[in-house]
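Please examine the sequence and the coordinates before reading the solutions.

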Amino acid sequence: MSDSMFNEEQQMLADSARRYVERGYGAAELQASIAHPAGCLPEKWKEFGELGWLGIALPEADGGFGGSLSDVYIVSEELGRGVVNEPFVASGIAANLLLAELAAEEIKEEWLPGLIDGSRRAVLALLPTGNAYRIPCADVRARTVEGGFVLSGATSLALGLAGADAFVVLARIDEGPKMGLFLLDAGLPGLTVLPCALYDGQGAGRLRLEDVPLAQALDVQTEPVMLERLARYIDGAIIAHCAQTVGTMQRAFEITLDYLKTRQQFGKPISANQVVQHRLVDLFVEIEEARALSRAAAGIFDECRGEDDGTRRKFAAAAKACVAQVAKHCWKESVQLHGAIGMTQEYVVGQYVKRLAAAATLFGTEEAQLETVADLAFDAVRA
């Protein structure tokens, strides 16, 4: 991202995040995180908290730093450059922001300090891998009983579940028209985490619930109201994910360019080939376009505080559609321009290729997000 787009504080934030990735998160740390049962190194998550990243967008009244999603964007892009494996989007952004805005004061007092300083971690266990605006309730049902609720069923696949201290789950109440958001402590009886890993190494999993008792819900609304309310947090996660993917694309491009400048064929660098230069320029322009649209989506998110805001949703979906398209092009070009070495696990670009391939489908595929943009456009015309 161009430095001219930052104010002084944002430039300092970008510089500190980049220095952290360059000095404190190398190949050894990445592989250790991938190998960790939780897909997340607790000491690294604690460092995120010490740097202020986990509370960057939370209100100062709740112990956060009163920043914006544009500030989150800056950190996310730098983490993407280092293909950081910790679930910064699902835990550090989406879950923390939701709890800060929806939870009762006693819940915030209990959970937010630990979530902000990195000693605890919560996960939004409903971020879908398909269309971001058709949030799956899966098979989770909440039954009203004396003194609260009992939850049963299973959640859909979500990032960062293994090793988390709490989970935010969406459930339908009493088979009726209302839905509830529930905060589940990882130690509750009847709650089982089924961990797995994506092919790029990111930790994921599902929850199985068997008569899990809860005293209260974070929020209870009719289905349309609940989905509109959740759309705000999903949009924030999508935009932060776009930022990470842009950072990953940028670094993959840089690695590829450096390789082409040093690798020689027929007595000259491969980068001297005009056809190769054209391909590099096309990819560079596409990455800049994806960055500009994602950055604009973050700005729109900060401006739009209403829960039912079509502009915010449209920009988030458009940004994800663009980023997904460019991510696919970027990883393919990275492999093709490297040749066979680009397919190897040992070579540095390999992890970037896998991360970009996964990023293209996470939080909504290109096709699904374009459908969302079209739906919103038709809704505006009908209105």
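Predicted model: local features only at pLDDT ≥ 70, side-chain atom pairs only at ≥ 80, totals over all residues.

**Exercise 1.** Determine how many disulfides the structure holds, and examine Cys322 and Cys330.

*Solution.* 
Step 1. A disulfide requires two cysteine sulfur atoms within 2.5 Å.
Step 2. For Cys322, the closest cysteine sulfur belongs to Cys242 and lies 8.5 Å away, which is too far for a bond.
Step 3. For Cys330, the nearest cysteine sulfur is that of Cys322, at 12 Å, and Cys330 is in no disulfide.
Step 4. Under the cut-off, the total is zero disulfides.

**Exercise 2.** Identify which parts of the chain are tied together by the salt bridge of Glu175 and Arg141, and classify the exposure of both residues.

*Solution.* 
Step 1. The closest N and O atoms of Glu175 and Arg141 are 3.4 Å apart. The cut-off for a salt bridge is 4 Å, so a pair at this distance qualifies.
Step 2. Glu175 is located in the loop between β5 (166-173) and β6 (178-185), whereas Arg141 belongs to strand β2 (residues 141-145). The pair therefore ties together parts 34 residues apart in sequence.
Step 3. Glu175 counts as exposed, with 58% relative accessibility, while Arg141 counts as partly exposed, with 29%.

**Exercise 3.** Describe the salt bridges of Glu333 with Arg279 and of Arg291 with Glu288 in terms of their positions in the chain.

*Solution.* 
Step 1. Glu333 and Arg279 meet through their side chains at 2.5 Å, N to O.
Step 2. Glu333 is in helix α9 (residues 310-338) and Arg279 in helix α8 (residues 274-303); the pair links distant parts of the chain, 54 residues apart.
Step 3. Glu333 is buried at a relative accessible area of 7%, and Arg279 is partly exposed at 28% relative accessibility.
Step 4. The side chains of Arg291 and Glu288 also form a salt bridge, with an N to O distance of 2.5 Å.
Step 5. Arg291 and Glu288 are three residues apart in helix α8, and so about one helical turn separates them.
Step 6. Arg291 is buried, with a relative accessible area of 2%, and Glu288 is partly exposed, with 30% relative accessibility.
Step 7. Elsewhere, shared partners connect salt bridges into one network of Arg18, Glu78, Arg81, Arg251 and Glu254. The structure holds 19 salt bridges.

Technical notes:
Residues numbered from 1 in each chain as written. Heavy atoms only, no water. Helix = DSSP H or I, 4+ residues; strand = E, 2+ residues; numbered from the N terminus. Buried < 20%, exposed > 50% of the residue type's maximum accessible area, 1.4 Å probe, protein only.
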